[in-house]
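Reader: I would like to learn how to read the meeting of two chains in a model. Could you take me through it step by step?

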Amino acid sequence: APARPRQVSATPAATAPAAAQGAYAGQAACLGCHAEMDYKGTLHGLASRPRTPAATHGCESCHGPGQAHAESGEASLIRNPKKQTPQQASEACVSCHNRGTHALWTGSQHDQRNVGCITCHSVHTPKGPAQLKAASQKELCATCHRPVTNKQHRFSHMPVREGKLECSSCHNTHGSTNQSLLKTGTTVDESCTSCHAEKRGPYLWEHAPVANACVTCHDPHGSNNERMLAAKVPFLCQRCHVTSRHPPTVYDGFVRNNSTNANKIIGRGCVVCHSQIHGSNAPSGKSFLR
Amino acid sequence: QTPAASEARSRAVTGVVDVGARGTSGSGDEARYERYRDLRTGVFSHLVFGSADESRIWSAGAENVGYRNQEYVFRYAGGPVTLKGGFDSTPLNYSYLTSTPWRMDSPGVFSLDAAARGQVQGRVPGVVGVPSSVAQLSTPSIFRGLANPFDLRSRRDTASASVAVDATRALGWSLAFTSTGKTGSQPYGASFAFNNANELPLPIDHRTNDVSAGLEYTREQGMVRLGWQASWFTNAIQELIWDNPLRQTDTTPFDASGYSNGNGPARGRLAMAPSNHMAAVNVTGLYKMPGRTTVNGVFAFTTMGQNDTLIPWTINNAIANPSVYGTYPGLASLPRPTAEAKVHGVNGMVNVTSRPNRVFSLTTRYRFNDHRNLTPAFDARQYVRFDAAPYSGGSFSQNFNIRQNTFDTTAAFNLRPSSTLRVGYTFDDFDRTGRSFSDMRDHIVRASFDQMGNQWVTVRLSADHTTREGFGFSEASLEDGGLQPGVRFYDESDRNRNRGTALVVLTPASFMDVTFTATAGKDIYKGEGHEFGLLNNTNRSLNVGLNVSPGEHASFGFSIGREMFNSLQRSRNANPPGTDYGSWTDPNRTWDLTNDEQVNIVDVYVDLAKLFRAFDLRADYLYSDSDNGFVHSGPRVVALSTNAALTPGDSRPCTAGLTSCFEALPNVTNAWHRVTLDGTRYFTEKVGIGVSYWYERFDVTDFARVDLAGTALPRIDYLGEINTGYGNRPYRGSSIFTRLLYRF
């Protein structure tokens with residue numbers, strides 16, 4: 001069935017005392033009152049894995065020792081992440097999720113902006129994969145990044161709305177060595193060429209912006225220009241190529257309708273000739289014509 | 001019940017079998033309806049299986065089995081082992097309306113009808129090859145009649161498998177392999193001259209194999225990870241060879257203006273993307289210190305390279321012969337037989353985050369990135385343009401090296417338990433070679449305010465200001481490239497950038513939220529001597545969303561937004577210095593282009609589960625449009641509009657009594673609608689039926705598209721070009737699914 005975009009509110013959080021101290025009550029005691037919070041069937045419930053809550057202190061792995069809370073019923077005697085600041089709440093999560101793709105969480109862009117683990121994930125009532133609080137990443141990320149996710153509805157787009165890619169295909173929201181939380185590589189072009197390896201080169205002849213950042217010319221989130229270009233050709237190329245003769249020609253309707261220079265306005269525009277614009281491996285490829 | 005019975009039940013396989021029939025119909029550019037999917041009429045399938053208990057969890061699924069977008073996934077987690085695997089096909093359907101007169105004789109080798117080429121070369125009266133005048137447009141190109149229709153599309157198939165093992169509580173390792181093959185064709189330029197541009201269906205046949213491995217050691221105080229990644233890209237098509245529509249034989253002797261007038265070779269040759277490889281090793285570390293201070297960082301070393309055999313200077317035998325080498329000795333042989341291209345990269349990053357108390361925190365980051373291209377310079381002081389004409393105005397190849405140092409620090413103050421004010425500063429230094437500025441530095445100051453924890457309202461505000469300064473400007477580097485000395489490239493020029501975002505979420509009741517999102521940004525490109533290029537751009541957006549969930553089984557809402565983009569660029573329509581009266585420096589040759597785009601977006605949804613009994617209904621409507629204007633102005637445009645002040649050396653054909661030889665370009669507009677309806681009804685606990693309906697409509701006007709007169713079908717022969725007909729065309733498409741559901 002088709003996915004339905006929907007907004008999801010960021011979870012408000014207030015402050016509360018941090019971790020409870022004391023003895024453990026045991027998971028059975030917790031579920032005795034909070035049966036609806038059972039996490040069986042999730043990775044947290046995998047008792048055969050040494051680092052999971054099920055293999056350690058159960059509910060109290062995250063919520064802290066709860067004997068005092070269990071005996072008194074006093075809410076303040078147990079750690080409730082929803083009543084902590086996002087960063088406080090995340091501390092419990094990163095005590096285990098501190099490796100792999102989560103290793104650079106602390107100090108990352110989202111962490112700095114008070115986006116915590118439970119802003120996006122729900123341990124007990126997830127709606128999507130990876131225990132997300134929304135049915136899909138696009139839906140979840142739209143909560144804060146609506147102008148970006150809207151671009152998926154442009155006619156020139158990556159296959160996100162078709163379900164073949166998702167935000168995390170390119171981004172690691174948990175922290176990254178690259179800019180813009182890109183998941184792969186250390187520069188924008190290294191991230192893009194991890195899939196578009198045919199443009200990785202290195203070429204004999206390189207186009208300077210390609211060697212730096214693909215986003216100089218492309219908008220990977222979607223565009224109303226062919227090939228997700230940031231502006232329409234030939235005008236995009238003319239933003240830099242103010243040379244002589246054909247590049248700075250006024251490409252208007254007259255040229256389109258009357259001149260053989262129309263081939264620079266219709267169809268592929270400049271790249272119908274400069275087809276090797278991402279780089280050329282031909283000895284005569286200096287101008288990316290071969 | 002016994003514990004054994006309970007365990008058996010928890011181990012039971014659950015899932016959904018959702019199969020049925022799909023019918024699809026459409027009109028217009030139907031490939032766009034199926035851009036990244038396969039909606040052909042036939043069998044539809046969606047299968048999910050899984051099982052979970054305390055010892056292991058596994059799941060498997062399949063989508064659209066047997067179709068071009070089929071997908072299979074498998075996941076297992078049990079004990080210390082996690083396994084993942086899958087296969088995915090993603091089509092990229094460009095157009096089903098395309099046609100081409102070229103025939104592919106073998107992968108990458110295209111031929112054109114010899115007799116037709118002979119007639120064009122022989123200038124047989126009434127025969128048009130590539131139309132070059134308005135008068136010729138009324139006579140179809142001889143190649144239009146020879147063109148055969150074909151589906152222009154490609155497909156990416158990805159198979160992947162990974163394993164991760166927690167060998168001990170502290171030690172873990174992982175290994176992943178992905179193999180991606182891409183086949184099919186894509187539209188690609190393959191031209192011979194300014195008046196002889198062509199587009200072919202370039203065949204695609206390449207594969208990328210990626211391997212990664214990691215070893216991690218984790219303790220309560222921190223972790224360290226050693227990682228390795230490698231990637232091999234292999235392109236089965238090394239070159240593209242294709243016939244010239246204007247020439248059956250090489251122009252002999254070569255015409256020095258062949259790259260311009262079309263008197264070029266019989267065939268052309270392009271080098272395709274080289275097979276290449278990449279490898280990286282990295283070390284990642286994390287250490288928690290007293291005082292709620294955490295240090296994490298990465299150090300990585302990367303190599304990339306390729307050593308493909310180089311194609312010759314040209315395929316044109318009128319140039320590749322000893323008599324020409326006497327004048328152009330540089331073309332007698334290649335400086336080296338293979339590319340010998342390689343790049344080394346070094347990247348390091350350290351984050352220190354300290355939260356000593358609940359009021360104050362400080363995050364500091366240093367990042368270093370060095371991209372060093374070690375490819376030996378390639379001597380192309382003499383080379384061949386368009387396979388048509390040798391040229392002595394070339395150069396050595398140039399490497400673009402980038403060394404970036406970034407220092408970033410952010411201080412956060414928790415004004416109240418739920419309100420945080422942050423201020424930050426970033427210094428970014430880029431040291432580069434091969435560019436007009438050898439160094440550029442960004443100074444970024446920013447502030448943000450986040451108010452959370454309030455039951456009624458969440459507020460997120462941010463603003464930043466960037467000042468970019470370029471250093472080491474080389475006017476000579478611009479002049480070497482034939483550029484106006486007043487041009488500045490927008491990815492390196494002096495620039496002021498201001499940006500701001502605001503997000504407000506109101507929650508007047510627990511079942512309702514209203515979200516307001518606003519963004520604005522403006523870049524002003526400036527600096528001493530900056531006259532040409534992109535001068536400024538702005539963007540603004542406003543979005544309002546409402547979500548209502550009055551009950552457990554019902555929700556509805558909408559989102560509506562408008563985005564506006566504007567840019568101004570300046571150029572000069574001039575000939576090179578010394579070639580005419582001095583147009584190079586003539587301000588009357590200067591022109592501007594203002595680009596304005598407005599985008600509207602609407603999204604409305606209704607989700608009614610258990611509408612009555614076991615009937616679920618979901619409906620969604622999406623709309624997005626764009627109105628993109630291109631307004632030329634400036635002295636040059638005034639002169640063209642009045643046709644009165646055209647200067648010497650002007651080549652525009654606006655004589656013959658025309659009062660104006662300027663025509664404004666019409667706006668490029670589009671509007672896209674999508675409706676989806678999905679209803680399911682379960683008759684028993686396990687068995688149900690479903691009906692889904694998808695509808696899309698796309699309307700577009702675009703001056704870059706050329707249609708056959710009076711139709712919405714592509715015209716492949718137009719002024720100066722023979723293309724495939726690929727373009728931005730309207731479509732309508734709808735699909736209906738009837739489904740049988742069985743859940744267990």
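**Reading the interface**

Author: Contact means heavy atoms within 4.5 Å, and here the contact takes 132 residues from chain A and 214 residues from chain B. This is a predicted model, in which local features need pLDDT of at least 70 and side-chain atom pairs count only at pLDDT 80 or more, while totals for chains, interfaces and linings use all residues. Residues are numbered from 1 along each chain as its sequence is written, chains are lettered from A and ligands numbered from 1 in the order in which they are written, and side-chain values use heavy atoms, with hydrogens and water left out.

Reader: How many salt bridges does the rule find across the interface of chain A and chain B?

Author: A salt bridge is a side-chain nitrogen of Lys or Arg within 4 Å of a carboxyl oxygen of Asp or Glu. Across the interface of chain A and chain B the rule finds eleven, and one of these salt bridges joins the side chains of Arg290(A) and Asp387(B), at 2.6 Å from N to O.

Reader: Which residues are joined by a cis peptide bond?

Author: Most peptide bonds are trans. In chain A, a cis peptide bond joins Val233(A) and Pro234(A), with omega about 5°; in chain B, another joins Thr252(B) and Pro253(B), with omega about -5°.

Reader: What is the phi of Asn64(B), and is this residue buried or exposed?

Author: Most residues other than glycine have a negative phi. Phi of Asn64(B) is near 45°, a positive value, and Asn64(B) is buried (under 20% relative accessible area, where exposed is over 50% and partly exposed lies in between, with a 1.4 Å probe and protein chains only), its relative accessible area being 6%.
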